[in-house]
Amino acid sequence: MSLNTTFERVALPLDHPFTISRETTKTAENVVVRIDDGEHTGIGAAAPSQYYGETPDTVEAVLPDLLSIVEQADDPLNRNAIEREIAARVGDNPAAKAAISIALCDLVGKRLDLPLYRLFGFDPDRTITSSFTVGLDATDVMAEKARTAVADGYSVLKTKLGTDRDEEIVAAVRDAAPEARIRVDANEAWTPREAVEMSEMLADHDIEFLEQPLPATNPEGLRFVHERSAVPIALDESCVTLTDVPRVADRADIIVIKLMKCAGPLEAIKMINAARAHGLDVMLGCMVETNAAIAAACHLTPLVDYADLDGSLLLADDPYDGIPMPGGVIDLSTVERPGTGAE
Ligand SMILES: [Mg+2]
């Protein structure tokens, strides 16, 4: 039985421009991949990140070659063999590879009529609450967004930092959401000494953890901060693929895994296991991306400690429905649709 594949670029305008320390996004461009066996269609998507060397153009350029491997595969259930061949064909390009890996997982789930978490055997009673992200903006606007998110039912917030008024932002957001669990992400904006100083302020405001205070290119600085920080340290930009896990293990408490960094669900599971072996906690995150991709990550949440899977919530309109997360709560026990559940 042969598989047919197609892909298309989709423009996803955001509800509001989304700003972090190094960039502002107004429209995200994802590339949706479909793999069809004549009876079922598996759907996945790439949310390429320029930071990790990918754009919609690079994804579209590499997909025909990678999808030809899928089309020549005789058994879509043998995902390990297909992914091994894809990995051998080209290096890097993790979002393009993730789109294929997600679509294959979705196809297999649909063929076997099982949601992905059931296929993997994960415990649906381990529910988790995703954070809602407050991007950088004027301080009062950020406080208002936090207030609105709490009114909408979100109990966990993630606040972006990396400005010259970070202290003011943290105080304003904490004031606007006194009961919320709040974590912050500096996206590499600080120096080691700044990060240690800021960590005291974050602890005073009962901030849960600090994500990527320094550039990933400063591993020694990250060790310095980790040894002295008053709050736990999560590393995102510093921890991209499986081989990064042992490298960051002595300078982080939490690693941030994203399907678009590591090339898909199967690789993400390996990273989670590696993190556990090193005594690390795990957060599953995402890019600004469609549910066609995020839905797959939702099925892995029983394995992790924290989730930051609100990428689709930032979109003005997502053409795909995914796993419902009212107030950020991801409860897989209510999910019956086979595959990833994106449609
Ligand atoms: Mg981050």
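Colleague: Which element gives the largest share of the lining of the second largest pocket, and how many residues is that?
Modeller: This is a predicted model, where local features need pLDDT of at least 70 and side-chain atom pairs count only at pLDDT 80 or more, while totals for chains, interfaces and linings use all residues. Residues are numbered from 1 along each chain as its sequence is written, and side-chain values use heavy atoms, with hydrogens and water left out. A pocket is an open set of points on a 1 Å grid over the protein atoms alone, with protein on both sides within 12 Å along at least five of seven lines, and lining residues have an atom within 4 Å of a point. Helices (H or I, at least four residues) and strands (E, at least two) are DSSP runs numbered from the N terminus, and the largest share comes from α2, with five residues.

Colleague: What is the volume of the second largest pocket?
Modeller: Its lining counts 22 residues, and Ala87, Lys97, Cys262, Ala263 and Glu267 lie nearest the centre. The elements giving two or more residues to it are α2 (79-89), α3 (94-112), α10 (259-262) and α11 (265-277). A volume is the space filled by probe spheres set on grid points, which are joined across faces, edges and corners. For this pocket the volume is about 510 Å³.

Colleague: And the largest pocket: which strand gives the largest share of its lining?
Modeller: That pocket has a volume of about 670 Å³. Of its 32 lining residues, Glu23, Thr25, Ser49, Met287 and Val288 are the closest to the centre. Two or more residues come from each of β1, β2 and β6 (156-160). The largest share is six residues, from β2.

Colleague: How many bridges pair β1 with β2?
Modeller: Two strands pair if DSSP finds at least two bridges between them. Here β1, β2 and β3 form an open antiparallel sheet in that order, with β1 (4-20) and β3 (41-46) at the edges. Between β1 and β2 (residues 23-36) the antiparallel pairing runs over 13 bridges.

Colleague: Which strands are at the edges of the sheet of eight strands?
Modeller: The pairing in this open sheet is parallel, in the order β5-β6-β7-β8-β9-β10-β11-β12. Five bridges join β6 to β7, and Leu157 stands opposite Ile182 in β7. Each edge strand pairs on one side only, and these strands are β5 (132-134) and β12 (306-308).

Colleague: Are Asp185 and Asp236 buried or exposed?
Modeller: Buried means under 20% relative accessible area, exposed over 50%, and partly exposed in between (1.4 Å probe, protein chains only). By that rule, Asp185 and Asp236 are both buried.

Methods. 1 Å grid on protein atoms, 1.4 Å probe; cavity = no way out; pocket = protein on both sides within 12 Å on 5 of 7 lines; lining within 4 Å.
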